[in-house]
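Here is a note for someone opening this entry for the first time. Please keep the sequence and the model side by side while reading.

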Amino acid sequence: MTSADDLPDEIVKTLRQAERLEYWNIFWTVTIVAVMGLTMGQSQTMKTAWIEDTLGLVPPIAFLVAARMERRGHRSARFPFGFERVNGLGFFLAAVALAATGALLLWDSVMTLARAEHATVASVHVFGRDIWLGWLMLGAQVYSLIPPLIIGRRELPLAEKLSDKLLHTDALMNKANWLTGAAGLAGIIGLGLGWWWADSVAAAIISLDIISDGVKALRSSTAELIDGAPRALSSPDLSPDAQALGQRLAARYPGATVRLRETGRLIRAEIHGHAGPQAPLDHAEHWPAEEERLWRLAQLSFVPPRREDQARN
C-alpha cells in the first residue's frame, strides 16, 4: 500500500515545482490586490476585480498548507492514513471560494444595474497635473491580466500530472482573474464613453463564468469528502482512470462488488465478496492506465463474503 508520503521521485519533484509556483502566485496576487485597491475609485468592475483577486489568495494558500501537511504528517495511531485527505479539504475550501466569488460578483452587478447607479470616474492630482483616474484603472487592469495568465497556464500541466484538483481549481481562479481584467478594460472604457451600464454588465458576464467553474469544483470536492467515486480533474464526471480501473477489477474478480474512492490524489479500491488471491498482489497487473500513473492506486484490498451470506446463497 502506498501513501502520500511514498510518492515516486518524479511526482515529488513536480509537487515541489508546484509549491514554488504557488509562492510566486501569492506574491504577484498581493501586488495586484494593492494596485487595484489604490485605483478602484467608484467603478463596479474595479471593485469586483479587487474582491476576486483577494479571494484568489485562498487556493494557493490552501495548496501550500495541504502539501506541507501531507509531507510532514506521517501515519500515526491518531491518523493512520496520514493527511492524504487534507488536499481534498483544501480543494473544497478553494471550490467554495471560487463559487462564492462568482455569486458575490453577480449580486453586486445586478444590484448596481437595478438601482441604475451611475458610477463616475473622477480626476486625480498626480505630480502637479490632473489625470483622469480611468487611465490609472486601465493600467491596473492590464497589470492584473499578466501574472494570472502566465501562472494559470503553468499550473494546468502540473495539476494534470499530479492529478491535483486543488491546483487545478487555482488555475481556474487565475483564469477567472484574467477574464475579470479583460472584461474590466471594456467596462472602464464604457464608463469613459458615458455608458454607465457597461461597468456592471461586464462584471456580471464575468461572474457567470466563475460561478459555472465554482459549482463544478464544489460538486467534485463534496463527492470526494463523502467517499464518492473518483471524479475527473476538470468536471464532476467520473474519472477516466477510475472507470477503467473499475472495469478491470470487475472483469478480474467476477461476482464481486468493486468500490472506489479518492483520498487527495490517490485512489483506493475495495473488492467486496472476494477473498483475494493468496500470492502477493501486483498493482501493475490491476492498473489499466499508463504505468507512470500507477502511483495513484494506493490501496487494493479484499473483503471476503461472510459465512451467513454464503449460507444464504
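1. Basis. This is a predicted model, in which local features need pLDDT of at least 70, side-chain atom pairs count only at pLDDT 80 or more, and totals for chains, interfaces and linings use all residues. Residues are numbered from 1 along each chain as its sequence is written, and side-chain values use heavy atoms, with hydrogens and water left out.

2. Overall make-up. The protein chain has 10 helices and five strands. Both are DSSP runs numbered from the N terminus: helices are H or I with at least four residues, strands are E with at least two. Of its 313 residues, 48% are buried, meaning under 20% relative accessible area with a 1.4 Å probe, protein chains only.

3. Contacts and surface. Take contacts (heavy atoms within 4.5 Å) between residues at least 6 apart in sequence: 74% of them join residues at least 24 apart.

4. Strands β3 (residues 257-263) and β4 (residues 266-272) pair antiparallel over seven bridges. Pairing here requires at least two DSSP bridges between two strands. Thr257 has His272 of β4 as its bridge partner; Arg261 has Arg268. Two residues lie between the strands of this hairpin, and Gly264 in the turn has a positive phi of about 70°.

5. The sheet. Three strands form an open sheet in the order β3-β4-β5, with mixed pairing. β3 and β5 (297-303) are the edge strands, each pairing on one side only. From one strand to the next, the twist averages 15°. Helix α8 (residues 240-252) packs on this sheet and touches β3, β4 and β5; its direction makes about 150° with that of β3.

6. A helix pair. How do α1 (residues 9-38) and α3 (residues 58-72) cross? Their axes come within 9 Å and cross at roughly 145°. Axes are lines fitted to C-alpha atoms, for helices over the stretch in contact, and angles run from 0 to 180 degrees between N-to-C directions. The contact includes Leu15, Tyr23 and Ile26 of α1, and Phe63, Leu64 and Arg71 of α3. By class, this contact has 10 nonpolar, one polar and four charged residues. Nonpolar covers Ala, Val, Leu, Ile, Met, Phe, Trp, Tyr, Cys and Pro; charged covers Asp, Glu, Lys and Arg; the others, Gly among them, are polar.

Definitions and conventions:
Buried means under 20% relative accessible area, exposed over 50%, partly exposed in between (1.4 Å probe, protein chains only).
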